[in-house]
Amino acid sequence: MLRDVTHKVTDGLLGFATATGDRKHLKIGVAPVVSDTPIIVTGDMDAAKIKARLGLSPLADAVMDAVQFGAARTYCLPVAATTAGEFGEVVKKGGGGGNMTVEGSPTNAFSVVVKITAQGGLNAAAFVVSIDGGNSFTDEITVPVTGEYALEGTGLKLKFTEAAQEDQKPSSFIVNDAYSFTTTAPTMTNGDVLAAIDKLKNFAEEYEFIHIVGASDLPLWLAVSEAQVQLRDTYHKPVFVMMEAGYPEPSGNGTAITVNIDAEGDLTDWALGMEAKKKQVKNYDVQVVTAWGRLVKMDGTTQIVNLAGVVSGLYAKAKVQESIGKTREEAGFGLPKTKLLELLPAELDNSIVELLDKAGYLTFREYDGLDDFYVYHAKMLSPDGSDFRYAEDVRIKNKIIRETRKEGLLLLNDDIDLEDVQGELEARAKFMFAPLQRMIDAKEISSAEIIVPEGQEATILKDETMRVKIRYVSRGYIREVEVDLGRAQPSEWGKGG
């Protein structure tokens, strides 16, 4: 080959960071769709597209909450429910001689309203139907000649029957007749959840946390805590898990996972029961959201929900070191009262919020002088004395694990000079410092160092293990403001002399 001027491009010299998994999460929840691998939902999808991908399901509802409040990319793992949903009694209003019943297995919690809009019998009368309590209705539909009409995507079938007498059939259904009923959502068993988590062992994408959709209780928190440790230690997936507490009940120890908004009374016993449960978990990578509220959702419906879906959206907006309880307006973590209409139950006063917060649960609150609702503290179910009490501490810890492991993997099977073990190991350790420097530059942590313990000359030949210590200084946080106020003597400044 003749000699000439040639070029070789060297990439990576500017030190740009690679993908980190920041602000991404994975949801596990009940849905009628089938997929052994997570389905991706992006932040530019509207409610209709999310429902098309995930069905009319609890998983879709939670994803819509996350997208509405900030999630740009969510991995969704649908689970076929073991425990089927149920429907209640059909309540009829009106004077028509016919009737309507329902059958099937609901895919979600629905509030179904059927209104007759044109009089007649089968194949003549017409109706509209709502699955959101009358917030929105379908176009007019003719009652089928068979009397059966499937509500697409809901798992429900309406069955219309005419009046028994032949001469009454033309007035079987008359205008303004109405039929209504509610359904409960299907639910996952603890085994369903653990089986879904097991599928994540080989899922290659990076993400920060897993949201288990649906109210749960202590047995699942303990089981998921063990599964999380295995994901972290065996499969090198440092993620935290967020779960939903059941709706607060005035009496009892917090075992209820159904919504009873009519219950009234003191919530102290419930909160103390929750406090006792937290003491059994002791895992700083597990978070339980106790907050419930009446939320105007992405699809325009208003529902009473656990606010974990909202929380997952706030995490997607927040930098890893940033508290989602930040109250600065420009931070964007306040929930306007046009979206979150109220926190529930009404009996959940500041004393209960404080008790739950001290126990280690994520709670919401109002501040006198601010217009919105806010996360109080993003607490974790950490053991007493833990350095990782808040989600912002855990997110930083897990990012350091993820990013320094990537650099450490590039050192495997390196050969070193046994005449200068300390120097060789310290040189290698500098490679692992690169992601820490990026985090310092991004103001995610204040400072960091990697320490190579001395004396490894005696062990490197035996176990061929390089040992380092990483120590970092986190960002500081203002959790409370204390003002010393007093009167002062009049100033002599400005007076003529």
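A pocket here is an open set of points on a 1 Å grid over the protein atoms alone, with protein on both sides within 12 Å along at least five of seven lines; lining residues have an atom within 4 Å of a point. The volume of the second largest pocket is about 790 Å³. Volume means the space filled by probe spheres set on the points, with grid points joined across faces, edges and corners.

The lining of this pocket holds seven nonpolar, six polar and nine charged residues. Ala, Val, Leu, Ile, Met, Phe, Trp, Tyr, Cys and Pro count as nonpolar; Asp, Glu, Lys and Arg count as charged; the others, Gly among them, count as polar.

## Model and overall layout

This is a predicted model, in which local features need pLDDT of at least 70, side-chain atom pairs count only at pLDDT 80 or more, and totals for chains, interfaces and linings use all residues. Residues are numbered from 1 along each chain as its sequence is written, and side-chain values use heavy atoms, with hydrogens and water left out.

The chain has 11 helices and 21 strands. These are DSSP runs numbered from the N terminus: helices are H or I with at least four residues, strands are E with at least two. The C-alpha trace spans about 105 × 95 × 50 Å along its principal axes. Of the 497 residues in the chain, 45% are buried. Buried means under 20% relative accessible area, exposed means over 50%, and partly exposed lies in between (1.4 Å probe, protein chains only).

## The cavity and a cis bond

The count comes to one cavity of 30 Å³ or more. A cavity is a set of grid points where a 1.4 Å probe fits but cannot get out. The largest cavity has a volume of about 50 Å³. Its lining consists of Thr290, Ala291, Trp292, Leu343, Leu344, Leu348, Leu356, Thr363 and Phe364. Seven of these lining residues are nonpolar, two are polar and none is charged.

Leu344 from that lining is also joined to Pro345 by a cis peptide bond, with omega about -5 degrees. Pro345 sits in the loop between strand S17 (340–344) and helix H7 (350–359).

## An enclosed helix

Helix H2 (residues 58–68) is largely enclosed by the rest of the structure, because 10 of its 11 residues are buried. The buried ones are Pro58, Leu59, Ala60, Asp61, Ala62, Val63, Met64, Asp65, Ala66 and Val67. Just after H2, Gly70 takes a positive phi of about 135 degrees.

Most residues other than glycine have a negative phi, and most peptide bonds are trans. Arg23 has a positive phi near 65 degrees. Arg23 lies in the segment before strand S1 (25–30) and is partly exposed, at 33% relative accessibility. Asn123 also has a positive phi, of about 65 degrees. Asn123 is in the loop between strand S6 (111–118) and strand S7 (126–130).

## Salt bridges

The model has 30 salt bridges. Each is a side-chain nitrogen of Lys or Arg within 4 Å of a carboxyl oxygen of Asp or Glu. Asp217 and Lys277 form one at 2.7 Å, N to O. This pair links distant parts of the chain, 60 residues apart: Asp217 is in the loop between strand S12 (209–216) and helix H4 (218–233), and Lys277 is in helix H5 (residues 268–278). Asp217 is buried at 17% relative accessibility, and Lys277 is buried at 6%.

Glu103 and Lys157 meet in a salt bridge at 3.9 Å, N to O. They are 54 residues apart, with Glu103 in strand S5 (residues 99–104) and Lys157 in strand S10 (residues 156–161). Glu103 is partly exposed at 33%, as is Lys157 at 28%. Arg467 pairs with Asp463, their closest N and O atoms being 2.8 Å apart. A network of salt bridges links Asp22, Lys399, Arg402 and Glu444.

## A nonpolar surface patch

Ile478, Val481, Val483 and Leu485 make a nonpolar surface patch of about 530 Å². Such a patch joins nonpolar side chains (Val, Leu, Ile, Met, Phe, Trp, Tyr) within 5 Å, from residues with over 30% relative accessible area and no salt bridge. Areas come from the Shrake-Rupley method with a 1.4 Å probe; for residues, only the protein chains shown count as cover. Val483 lies in the segment after strand S21 (469–473). With 65% relative accessibility, Val483 counts as exposed.

Notes:
Patch = residues over 30% accessible without salt bridge, like charges linked within 9 Å, V, L, I, M, F, W, Y side chains within 5 Å.
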